[in-house]
Amino acid sequence: MEDTELSSHFEFGSNWQKLVPHLDEARLSDSVSDIQKFLGVSQLNGLSFLDVGCGSGLSSLAAFRLGASPILSVDIDPKNLQNAMSLRKKFGADQVESWQIKPASIVNQNDVLTLPPADVVYSWGVLHHTGSMWQGIENCANLVRPSGYLYLMLYTDAVLAPLWKKIKRLYTRSGPIVQSALRGAFATMLVSGMILKAKNPFRVIKDYSKKNRGMSWYIDVTDWIGGYPFEYASPDQVISFLNARGFELVNIYPKISKKSLGLKGTGSYQYLFKSTKPKTTAQ
């Protein structure tokens, strides 16, 4: 079984289905604010937006609220496509012709050929789950229009990253009892860490969505422990890879730090790259 095939993947679509009913204006506002701050813009008016691995559809909805047009949301998982369509309908945007949702894999070259270039190519926490991360990054880069932006979130390297890969593979290949035990153990470890640091777990979990694009703490916990395929890269590797393909780094979060142990997860970086290829009059 190839890791690039949906049948080998953690059921992200089923996990995100649990989130969609709870997405409201407050969580949408958090997602909108996060994109605004990282891109350094107040609006996306007149900019096309390609959401690679749209998941719940929340980021696409945020781009819609920011005025992006056209928007194309793609995902390999039929349940995620349904999630995005349900969310679009929930917020009254299901009749918007400029926002399309369709199946496509960013690591399938035939699928990639059907995707139009965009001013903003966005892929949050997706490419490291494709089974071919570097190919996914390159394909995303090739879809950025001249002077456009590539907005990524990728897992970073950590000492325990190889162990996490084994745990994630075990999760996807196990039954519900083992999966429940793994989820519970990881959640308990995180809560225990909060308590040891004198943090109120209830407050941390309640405020989680404000710092994570409106996402749910427990759903993200499940997403982490079960998220297979699983790849990772250091910031230096990612920056070097995209510099060589005509992109410059314009924002990164958090600041680059030394390789961590990764006991509670490898951690991740948000990257914003800009294409150094200038626009032409034909654009």
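R65 has a relative accessibility of 39% and therefore counts as partly exposed, a label used for values between the two cut-offs, with buried meaning under 20% relative accessible area and exposed over 50%, computed with a 1.4 Å probe on protein chains only. Before I go on, please keep in mind that this is a predicted model, in which local features need pLDDT of at least 70 and side-chain atom pairs count only at pLDDT 80 or more, while totals for chains, interfaces and linings use all residues. Residues are numbered from 1 along each chain as its sequence is written, and side-chain values use heavy atoms, with hydrogens and water left out.

What does the side chain of R65 meet in a salt bridge? The partner is E25, at 2.8 Å from N to O, where a salt bridge is taken as a side-chain nitrogen of Lys or Arg within 4 Å of a carboxyl oxygen of Asp or Glu. Because R65 lies in helix α3 (residues 58-65) and E25 in helix α2 (residues 25-39), the pair ties together parts that are 40 residues apart in sequence; helices here are DSSP runs of H or I with at least four residues, and strands are runs of E with at least two, numbered from the N terminus. E25 is likewise partly exposed, at 44% relative accessibility.

D157 lies in the loop between β5 and α7 (161-172), and K259 in the loop between β6 (247-253) and β7 (268-275), so parts that are 102 residues apart in sequence are tied together. D157 is partly exposed, with a relative accessible area of 21%.

That brings me to β7. Seven bridges join β5 to β7, and these strands run antiparallel, pairing being assigned if DSSP finds at least two bridges between two strands. β6 also pairs with β7 in the antiparallel sense, over six bridges. Y271 in β7 is the bridge partner of L152, and I252 stands opposite Y271 as well. Finally, six of the eight residues of β7 are buried, so this strand is largely enclosed by the rest of the structure.
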